[in-house]
Amino acid sequence: DNFKIAASEIKAKLTEVQEKYERGLERLKKTKEAVEDFQAFLDQKNPELREKNKEIAHILEVYRDEADFLEKKRNFVKQQERELLLESEEAQAIEKECRESLDKAYPDMEAAIQALKTLSKLELSELKTMRKPPNAIMLLMSAVCIVIKEEPTRVKTKDGQSYADDYWPTATGKRVLGNPKLIDILTSYGQTEGQLDGDSMAKVEELIQNPDFDYKNIARA
């Protein structure tokens, strides 16, 4: 009886061990299947992942290129700002210098323009008919044209080989001496701030520096 009992117990244990073994095998089988399924999934997804990685790499490359471009653009804009600021400061200095020079020489020009305002229509007509006016008159009328923003006329030089700017044909035209409102224009000149820009100031200053541009010379002419 003891033998039967012992044999029965051993058989039960063996059966239990076998069942555990079989359950273990079943779990290993399921695990293997799961691993194989996951591997198949990865094999399927790998091309997609590689493609996604390529896209991401391309996007990053484009971003880096754009970042480099924007950085260069920012540096360029900063450089332009510095250059424009410097040019502005230089322009202001030149304008100040021109204004100071004009302020010194302006009395002669102002006196000449005042004298021109006193001319009658007949006298203006006579002035208009002059073919070879004195240099003082030429200088004065050139200054008047510049002041009222009338451009010079391009005329042939004496040798006929080239062209040069000449204010006298402009001055004798209908927009200056032929303009019945010329005296009114000259009378109102100077009442508005900034009527004479830097370029015009430089041109007038050059005329005023000429020794013939003198109120007495103009009056005698």
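Some ground rules. The model is predicted, so local features need pLDDT of at least 70, side-chain atom pairs count only at pLDDT 80 or more, and totals for chains, interfaces and linings use all residues. Residues are numbered from 1 along each chain as its sequence is written, and side-chain values use heavy atoms, with hydrogens and water left out.

Salt bridges come first. Side chains of opposite charge can pair when their charged atoms come close. Here the term means a side-chain nitrogen of Lys or Arg within 4 Å of a carboxyl oxygen of Asp or Glu. How many does a search of the whole structure find? Three.

Start with arginine 74 and glutamate 71. Their closest N and O atoms are 2.7 Å apart. Both residues sit in helix H1, residues 2–117, three residues apart, or about one turn of the helix. Helices are DSSP runs of H or I, at least four residues; strands are runs of E, at least two; both are numbered from the N terminus. Arginine 74 is partly exposed at 39% relative accessibility, and glutamate 71 is partly exposed at 36%. On cut-offs: buried is under 20% relative accessible area, exposed is over 50%, partly exposed is in between, with a 1.4 Å probe and protein chains only.

Next, aspartate 165 and arginine 154. Their side chains meet at 2.9 Å, N to O. Aspartate 165 is in strand S2 (163–166) and arginine 154 is in strand S1, so this pair ties together parts eleven residues apart in sequence. Arginine 154 is exposed, at 52%.

Then glutamate 150 and arginine 175, with closest N and O atoms 3.1 Å apart. This pair links distant parts of the chain, 25 residues apart: glutamate 150 is in the loop between H3 and S1 (153–156), arginine 175 in the loop between H4 and H5. Is glutamate 150 buried or exposed? Buried, at 14%. Arginine 175 is exposed, at 54%.

Glutamate 150 also touches threonine 170. That threonine lies in helix H4, residues 167–171, and is buried at 11%.

Val176 leads us to the core. A nonpolar core is a set of buried Ala, Val, Leu, Ile, Met, Phe, Trp, Tyr and Cys residues joined through side-chain atoms within 4.5 Å. The largest one has 24 residues; Met141, Val144, Ile148, Val176 and Leu182 touch the most other members. Helix H3 gives the largest share, nine residues.

Technical notes
Contact = heavy atoms within 4.5 Å. Lists of a residue's contacts leave out its neighbours within four places in sequence.
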